[in-house]
Structure formats: structure tokens, C-alpha cells
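Colleague: I am new to this structure and would like to learn how to read its features. Could we go through them one at a time?

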Amino acid sequence: MIYTITFNPAVDLVIQVPNCQLGTLNRSMSEEYVAGGKGINMSVLLKRLGIDNIATGFLGGFSGEYIKEFLESEGINPRFISVEGTTRINVKIKGEVETEINAAGPTVDAEKFQRLMNYFEEVLQEGDVVFLAGNAAPGLDETSYVEIAKLCHARGVKLVLDTTKDSLLACLPYQPFIIKPNQHELEELFGVNIQTQDEIVHYALQLQKIGARNVLVSCGCEGAFLVSETGQVFTSNIPKGTLVNSVGAGDSMLAGFMAKFIETNDYRISLKQGAASGSATAFSVGIATRELIEELMPQIKIKEISRN
């Protein structure tokens with residue numbers, strides 16, 4: 001089975017305010033509510049590509065119910081732990097200048113986290129895949145990520161990890177199957193300013209030495225790089241299209257990659273689908289449809305590059 005974990009989901013309230021002025025009344029032209037969180041984005045993309053999955057994590061209040069209903073409408077099984085408080089609502093103001101206000105979210109105490117661990121200790125089997133993505137909720141820290149990484153490692157479960165610096169580094173000794181830093185995050189991990197393709201590959205290889213089996217680096221308009229555990233290094237371009245919203249593009253790339261890898265065990269074709277998936281979401285309002293991903297696939301060119 002495929003599982004996704006989102007520790008701190010959100011409902012994004014996206015409002016169009018062409019001339020937002022602080023200190024006075026503003027009226028929006030339109031509003032949209034979007035269920036979000038990296039793991040949730042991945043669940044949606046996986047399902048749209050035909051991969052059944054179970055979405056887990058922590059939800060509370062009316063906004064948590066909204067996310068559950070959305071997932072069910074997509075054909076995804078939600079198995080979240082209920083927490084006190086209300087799942088966060090983030091405000092995204094779209095105007096001449098874009099402004100975002102992200103809420104902190106409800107606290108997840110030790111008892112609630114242990115209930116999630118108990119669930120995974122009961123259900124995880126060798127060959128399963130767990131996507132662990134996004135930031136920690138209040139009350140959790142990198143030790144929460146490590147507990148899940150340790151369990152996956154012990155059970156022979158592929159861990160797909162996309163999170164922030166400290167949590168990522170803490171999990172590397174447990175050999176996650178794949179991690180997906182973007183170029184900025186790769187620079188932050190090593191305290192460097194990356195200028196060249198060779199440097200991207202070099203630092204991805206360093207993450208492999210620490211424990212990551214495969215490293216996928218997303219580089220925006222420069223495409224992506226994949227350093228595989230087979231010793232191969234691949235690059236992808238990006239297709240032509242109009243950027244609509246980059247939120248969820250990286251999540252879609254990783255989910256698109258894994259959807260194809262689960263099916264084929266082929267790095268090249270998996271990167272092709274991953275690159276198409278990330279771009280399709282960037283060209284869409286919300287997470288991409290399967291139809292748009294398939295439309296973009298022929299534009300994606302994968303090249304294998306030699307390691308120096």
C-alpha cells in the first residue's frame with residue numbers, strides 16, 4: 001500500500017484583491033478554498049495517475065472536515081488522527097503584490113503522535129511506500145520524522161522524504177528511498193551558493209554518502225537532476241507553458257516520479273513523468289490532471305550525464 005503523511009495540513013483561502021490597502025476595508029473579487037499540505041498534494045497527484053493511496057496525518061475542526069471531504073471526493077482514503085483545535089487556514093492574497101499569511105496550526109501532543117505510530121506499526125509491510133512531506137506541526141520536531149524513518153527502514157518500506165533541513169538530515173542515516181531538495185534547499189543544506197550543474201551533482205552525491213538512496217533536485221526553469229543509487233545521473237528539461245501557480249509543483253514532481261517508478265522501476269521514464277507532473281501543476285490552478293501530464297510528456301527530454 002501507498003501512504004502519505006502530512007503533519008500540518010492546511011486550507012488555503014486564495015482571495016483576489018487587485019488593490020489591497022493596509023489599514024482600510026478591502027473587498028475581494030473572488031475567493032477559492034484549496035485543501036493543501038505537501039502530503040495531501042502528493043495523494044491527489046498519485047490518485048489522478050491511478051495509484052491508490054491512504055492519506056494520514058493530523059486534522060481538526062471544520063477545516064479538517066473540509067480536507068477529509070475533498071480527499072474522499074478524489075477517491076482517496078483519509079485516515080487522519082483527530083486533534084484539538086482547528087486545522088490551519090492560510091490566507092493567500094493575490095493582487096499587484098502577492099501576500100501570504102500562513103497560520104501555525106494546532107498542536108500535536110505526544111499521545112496523538114503515538115496513535116499515528118501505532119497505526120503504522122500495525123499496517124506497514126515490506127514493499128509499502130510512505131511519503132513523508134512538509135513541515136512539522138506545533139508539538140513535533142525532527143525526532144517525529146526520525147521515528148517514522150526508523151520504522152520504515154526496519155520494515156523494508158520505501159520512505160519518500162521531502163522536508164526541511166534538520167528533519168531531512170536527521171533521517172538520512174535510515175536510508176530514505178528518495179529525497180527531493182530544490183536547488184535553494186540544497187544550498188541551505190551545505191551552506192553554499194551553487195553555480196553549476198557539476199556542483200548540483202556533487203552535493204547530491206554528498207547526500208547519498210550520508211544515507212539517501214536517490215536524490216531528485218528540482219531547479220525550477222532549469223529542469224531537474226536525478227542521482228540514482230545505480231550510479232546514474234539524469235537531467236530533465238521543462239516543457240513550454242504559462243506559469244499559473246508554483247505551489248505544489250515540487251510535490252507533483254516527486255509523486256509523479258514515484259507513481260511511474262512503482263510501476264516500472266525505471267529511473268529514466270520515472271523522471272520523465274515526474275518532470276511532466278511538476279510542470280503540469282505549475283501550469284494549473286491546483287494539482288494537475290492526468291490529461292495535462294500526458295499532454296506534456298512528449299516535450300520532456302531525459303539525458304544521462306557522466307560523473308566526473
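Colleague: Which residues line the second largest pocket?

Modeller: Keep in mind that this is a predicted model. The second largest pocket is lined by V17, P18, N19, C20 and L22, together with I93, G95, E96, V97, T99 and I101.

Colleague: How much space lies in the second largest pocket, and how does its lining divide by class?

Modeller: The space in the second largest pocket is about 160 Å³. Its lining has seven nonpolar residues, three polar and one charged.

Colleague: How does one find empty space in the first place?

Modeller: A probe the size of a water molecule is rolled over the atoms, and this shows where empty space is left. A cavity is a place where the probe fits but cannot get out, whereas a pocket is open.

Colleague: How many cavities of 30 Å³ or more are there?

Modeller: The count comes to one. About 40 Å³ of space lies in the largest cavity.

Colleague: Which residues line the largest cavity?

Modeller: The lining consists of F7, N8, P9, F58, V83, T87, P106, V108 and A137. By class, seven of these are nonpolar, two are polar and none is charged.

Colleague: Now the helices. What is the angle between α3 and α4?

Modeller: Helix α3 (residues 110–123) packs against helix α4 (residues 142–155) at about 10 degrees, and their axes are 11 Å apart. Angles under 35 degrees count as roughly parallel, and α3 and α4 are therefore roughly parallel to each other. From α3, the contact is made by F113, M117, F120 and E121; from α4, by S144, E147, I148, L151 and R155. The contact of α3 with α4 has five nonpolar, one polar and three charged residues.

Colleague: How do α6 and α7 lie, and at what angle do their axes cross?

Modeller: The axes of α6 (residues 183–190) and α7 (residues 197–210) cross at roughly 60 degrees and come within 11 Å. The two helices are therefore oblique to each other. The crossing in which α6 passes α7 is left-handed. On the α6 side the contact is made by Q183, L186, L189 and F190, and on the α7 side by I200, Y203, A204, Q206 and L207. These contact residues divide into seven nonpolar and two polar, with no charged.

Colleague: What about α8 and α9: are they roughly parallel or roughly antiparallel?

Modeller: The axes of α8 (residues 249–264) and α9 (residues 267–282) come within 7 Å and cross at roughly 150 degrees. That makes α8 roughly antiparallel to α9, since angles over 145 degrees count as such. The crossing of α8 past α9 is right-handed. Among the contact residues of α8 are A249, M253, G256 and K260, and those of α9 include Y267, L271, G274 and G278.

Colleague: How many residues of each class does the contact of α8 with α9 have?

Modeller: It has 10 nonpolar, nine polar and one charged.

Note on methods
Residues are numbered from 1 along each chain as its sequence is written. This is a predicted model: local features need pLDDT of at least 70, side-chain atom pairs count only at pLDDT 80 or more; totals for chains, interfaces and linings use all residues. Side-chain values use heavy atoms; hydrogens and water are left out. Axes are lines fitted to C-alpha atoms, for helices over the stretch in contact, and angles run from 0 to 180 degrees between N-to-C directions. Helices (H or I, at least four residues) and strands (E, at least two) are DSSP runs, numbered from the N terminus. Angles under 35 degrees count as roughly parallel, over 145 as roughly antiparallel, 65 to 115 as roughly perpendicular and the rest as oblique. A crossing is left-handed if the near helix is turned anticlockwise from the far one by less than a right angle, and right-handed if clockwise. Contact means heavy atoms within 4.5 Å. Ala, Val, Leu, Ile, Met, Phe, Trp, Tyr, Cys and Pro count as nonpolar, Asp, Glu, Lys and Arg as charged, and the others, Gly among them, as polar. On a 1 Å grid over the protein atoms alone, a cavity is a set of points where a 1.4 Å probe fits but cannot get out, and a pocket is an open set with protein on both sides within 12 Å along at least five of seven lines; lining residues have an atom within 4 Å of a point. Grid points are joined across faces, edges and corners, and a volume is the space filled by probe spheres set on the points.
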